[in-house]
Every structure is written in C-alpha cells, then in structure tokens.
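Subject: Structure handover

Hello,

The sequence and structure are below, followed by notes on what was found. Please read the notes with the coordinates open.

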Amino acid sequence: MTMASPRKISDAMKRVQEQMIALRARLSKVKHKVAVMSGKGGVGKSFVAASLAVAISGMGRKVGILDADFHGPSVPKLLGLQGMRMLSGPPGLFPVMGPAGVKVVSIDFMLPEEETPVIWRGPLKASALRELLSMVEWGNLDYLIVDLPPGTGDEPLSVAQLITDLSGAVIVTIPSDLSRVVVKKAVSFARQLNIRVIGVIENMSYFVCPKCGTKYRIFGEGAGRRIAEEMDVDFLGEIPIDPRITDCNDKGRPFLL
Ligand code: ADP
C-alpha cells in the first residue's frame with residue numbers, strides 16, 4: 001500500500017475546508033431545509049419529496065429540491081427532467097428548472113447515461129455531494145427539500161453532516177408493521193442528529209376500488225399513526241395507493257399538477 005505524502009494530505013484537507021465554506025455560503029441563502037427520510041426504500045419517499053416541493057412552490061414560495069439519493073436518483077424522472085444537464089456560469093452550477101418553477105439538483109444530472117449504476121464507495125459519494133453542493137448556485141430560496149438516501153446508515157448520515165442546519169425531517173412510511181420497526185429507527189436517527197422530526201406521512205395507506213368504492217388496506221393498518229404516537233411526533237396524513245399516481249410518476253408528470 002502506498003501512503004499519501006503529508007503535503008498531499010494537507011492539500012486535500014484544505015480543499016475539503018474550502019468546499020465546506022463555499023457550501024455553507026451558498027446554502028445560507030436557503031431559509032428552510034427540510035429532509036425527507038424513510039426507514040427503507042420503495043415506500044414513496046422520492047414521490048413525497050417531489051410532491052412537497054411542487055406543493056410548496058404552488059403556495060408562492062421559492063423552492064428547490066436536492067436529490068441526494070445516490071442509488072436511485074428518481075427525482076429527475078418523477079419531475080420529467082431525465083437527461084437534463086446543469087448549466088455552468090461564472091457564479092457556479094445552476095439547478096435545472098423543473099415543473100412549477102422548482103429548482104432541481106441531482107447527481108443524475110452529472111452522470112453520462114440513464115443506465116449508469118452508481119458503484120461508489122461511501123466516502124466517495126459524500127465527497128461528490130460536497131463538491132456538487134459547493135458549486136450549486138441556488139439563489140435565494142424559501143425551502144430546500146432534501147430527498148435523503150433511505151435507511152439509517154452511512155449515506156443519510158453523511159448528507160446530514162454536510163447540511164448541518166436542517167430545519168426538520170419528514171418521515172415517510174407505509175402502513176405495514178414491518179416498516180413500523182424501521183421507521184422508528186429513522187425517528188431515533190433524526191433525533192440523535194438533533195434534527196427536529198416534523199412528522200410522519202403514511203404513503204400507500206389504502207386503495208379504493210374504482211368499481212365498487214370499497215377501501216382496501218393492502219399493507220396493513222395504522223402503522224403511521226402508531227409510530228407517531230409511540231415516538232411522540234405529529235402524524236401528517238395518509239396518501240392512498242392510486243394507479244394514477246404511479247402513471248404520473250412513470251410519465252414524469254407531477255401528480256399534484
Ligand atoms: P422511494 O423513494 O421510497 O424508493 P419512490 O418514490 O421511488 O420510492 O416510489 C416507489 C414506487 O412506488 C414508484 O414506482 C412510485 O411511482 C410508486 N408510488 C409511490 N407512491 C405511490 C402511491 N401513493 N400510489 C401509487 N404508486 C405510488
């Protein structure tokens with residue numbers, strides 16, 4: 001194994017420090033930074049994050065969304081921005097302008113092909129995101145929605161360490177008892193990092209049969225409310241399973257619009 005010279009190490013540390021200073025300066029123009037978290041993947045975290053961004057923007061606020069989910073950067077797809085590139089200019093990199101005027105930044109905009117898998121080791125991902133955020137010129141924003149990687153491991157941790165002044169976290173779950181256990185871990189994780197938990201959103205709560213109107217609780221019942229009670233956080237609401245949501249997501253058209 002070759003060892004890096006002390007000179008190289010100190011240069012690298014200086015670069016990290018400079019990036020962190022630039023990152024903080026750029027993010028200081030964002031009033032509220034809200035993380036969207038989940039205990040595990042596939043619960044609709046990115047859909048909820050993109051919907052929050054579009055909804056808040058529709059209320060007349062300036063909104064950005066940061067897709068920090070490296071493995072499944074799905075925000076560009078959900079917002080119909082696949083294949084787009086970020087433009088660069090003298091102040092830095094500009095977010096891609098999405099539907100409802102939402103400014104979008106994703107690692108996906110930096111990758112060559114849709115199929116390129118992101119096989120990076122943890123530290124490399126954190127440094128790529130640090131570098132990206134040190135260059136992105138968001139401008140003045142009221143809200144930045146941060147779609148965090150799922151789980152409670154190194155990846156969400158490293159993002160939370162880059163954006164240290166998160167205003168709070170919204171936790172997304174599905175109603176199953178299995179996800180109740182992992183989502184409780186996500187709430188504890190946020191608390192350990194001193195991130196205020198804004199509340200729990202239960203996605204895929206039920207399905208209403210379009211023919212007979214019967215409500216089916218496919219994934220179980222009430223896990224979101226139970227988590228909220230047990231962890232003493234607010235329950236923010238239920239979102240049904242709706243094939244129109246899946247269809248809009250697949251076509252890159254925000255359901256709320
Ligand atoms: P995550 O970010 O948690 O991995 P996604 O937001 O990518 O999850 O959603 C996973 C899949 O579920 C996507 O295909 C999405 O279109 C679909 N989906 C999410 N929420 C709903 C819903 N309420 N009704 C129907 N389909 C949904």
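A compact globule of 257 residues would have a radius of gyration near 18 Å, and the protein has 19 Å, so the two agree. The radius is taken over C-alpha atoms, and the globule rule is 2.2 Å times the number of residues to the power 0.38. Along the principal axes, the C-alpha atoms fill a box of roughly 70 × 35 × 35 Å.

This is a predicted model, in which local features need pLDDT of at least 70 and side-chain atom pairs count only at pLDDT 80 or more, while totals for chains, interfaces and linings use all residues. Residues are numbered from 1 along each chain as its sequence is written, and side-chain values use heavy atoms, with hydrogens and water left out.

Overall figures

The protein has 8 helices and 12 strands; these are DSSP runs numbered from the N terminus (helices H or I, at least four residues; strands E, at least two). Of the 257 residues, 48% count as buried, meaning under 20% relative accessible area with a 1.4 Å probe, protein chains only (exposed is over 50%, partly exposed in between).

Among contacts (heavy atoms within 4.5 Å) with a separation of 6 or more, 78% are between residues 24 or more positions apart. There are 32 positive and 26 negative charges, and their mean positions lie 4 Å apart. Lys and Arg count as positive and Asp and Glu as negative, without His and the chain ends; each charge is placed at NZ of Lys, CZ of Arg, CG of Asp or CD of Glu.

Strand β2

β2 runs parallel to β7 (residues 141-147), joined by 5 bridges, and parallel to β6 (residues 103-106), joined by 4 bridges. Two strands pair if DSSP finds at least two bridges between them. I65 has bridge partners in both neighbours: I145 in β7 and V104 in β6.

Residue N249

N249 sits in helix α8 (residues 243-251). N249 counts as buried because its relative accessibility is 15%. Leaving out residues up to four places away in sequence, N249 touches F47, K77 and L78.

Regards
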